[in-house]
Amino acid sequence: AQVLTTGGNGSVVLAVGGDLNVNENVVAHGSGAVTLSGSGAFALAANKQVASTSGPLDITVTAAASMGTSSAISTSGAGIVVETGSTLTMANTALITSGSGVGDIILDSAGDMTLGGVSAGTGSVGLVSGGAILDGGDNHVDVLGAGVWLQASGRIGAPGTALELGPGTPAATGPALYPTEAHNVPRSPVGRRAHPDHTPAC
């Protein structure tokens, strides 16, 4: 069954002692927050969403995270944080978006990060990977935001599959960078957690 709050800016808080498999929509009303955490993996099923109308979203798991085809993590004008203890893998058509307003997005994975679409509107995007940051397909522009911070222990993009970055001011650090020709990414030191300010959901 879906997990919904239908009034009063109600929040959704769910903590599990294992894998967090989201097979139905999880939606908070108004400015209500969504906070999901687990001591295993996170999997968002195809065509499902974790969303709030205008509240912050915070997803933290100790293992891998994945987003299925046409799934979405979305809000409008508020922050989004996704932290994983392993890889973060988005399907080509999956989307993480904070709408067109000022809502920063932070994605932090201990392993490789494969992107569908990440869009922060006039907010900023910070991506930190303990592995590589890779293009998962061309359905969406990979990263859109007024400011973009990329840090990876592995490569950022790959030959022939460069990351598609929007018109923000990107900065990146990694042993191998393959930005798109249209949006050249300069090397710039970005420390872990040195990304846009965000107040996680409580």
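This note goes through a predicted model point by point, from the whole chain down to single residues.

1. Overall make-up. The protein has 21 strands and zero helices. Of its 202 residues, 52% count as buried. The exposed surface comes to about 8,000 Å², and carbon and sulfur atoms supply 52% of that area. Among contacts between residues at least 6 apart in sequence, 31% join residues at least 24 apart.

2. The six-stranded sheet. A further open sheet is built from six strands, again with parallel pairing, in the order β3-β6-β9-β12-β15-β18. The edge positions belong to β3 (20–22) and β18 (133–135); each has a single partner strand, so one side of each lacks a neighbour in the sheet. On average, neighbouring strands here are turned by 10 degrees against each other, direction ignored. Inside the sheet, β12 (residues 88–90) and β15 (residues 113–115) pair in the parallel sense over two bridges, and T89 has T114 in β15 as its bridge partner.

3. Strand β20. Strand β20 covers residues 147–152, and five of its six residues are buried. Six bridges join β20 to strand β17 (residues 124–129), and the two run parallel. In this pair, V128 stands opposite Q151 of β20.

4. The nonpolar core. The largest nonpolar core holds 40 residues, and the members that touch the most other members are I73, L107 and L115. Leaving aside residues up to four places away in sequence, L107 touches V82, L88, I96, M113, L115, V118, G126, L127 and V128. One of these contacts of L107, V128, is the residue that faces Q151 in β20.

5. S98, a buried loop residue. S98 lies in the loop between β13 (95–97) and β14 (105–109). Is S98 buried or exposed? Its relative accessibility is 0%, so S98 counts as buried. Beyond residues up to four places away in sequence, S98 touches T75, S76, G77, A78, I80, G103, I105, S119 and A120.

6. The side chains of N25 and Q2 make a polar contact of 3.0 Å. Setting aside residues up to four places away in sequence, N25 touches Q2, V3, N47, K48 and Q49.

7. T60. This threonine, T60, is part of strand β8 (residues 57–61). Its relative accessible area is 31%, so T60 counts as partly exposed. The side chain of T60 makes a polar contact of 3.3 Å with the side chain of D58. Contacts of T60, not counting residues up to four places away in sequence, are L36, S37, G38 and E83. T60 and A15 are 45 residues apart in sequence, with a C-alpha to C-alpha separation of 9.4 Å.

8. Most residues other than glycine have a negative phi. Which residue in the loop between β1 and β2 (12–16) is worth checking on this point? N9 is in that loop, and its phi is positive at about 55 degrees although N9 is not a glycine. At 40% relative accessibility, N9 counts as partly exposed. S70, also not a glycine, has a positive phi near 60 degrees. The place of S70 is the loop between β9 (65–67) and β10 (72–74). S70 is partly exposed, with a relative accessible area of 38%.

Conventions. Residues numbered from 1 in each chain as written. Predicted model: local features only at pLDDT ≥ 70, side-chain atom pairs only at ≥ 80, totals over all residues. Heavy atoms only, no water. Helix = DSSP H or I, 4+ residues; strand = E, 2+ residues; numbered from the N terminus. Buried < 20%, exposed > 50% of the residue type's maximum accessible area, 1.4 Å probe, protein only. Contact = heavy atoms within 4.5 Å. Polar contact = N/O pair within 3.5 Å; in protein donor to acceptor, adjacent residues only side chain to side chain. Core = buried A, V, L, I, M, F, W, Y, C linked by side-chain atoms within 4.5 Å. Pairing = 2+ DSSP bridges. Axes fitted to C-alpha atoms, helices over the stretch in contact; angles between N-to-C directions. Areas by Shrake-Rupley, 256 points an atom, 1.4 Å probe, with all protein chains shown as cover.
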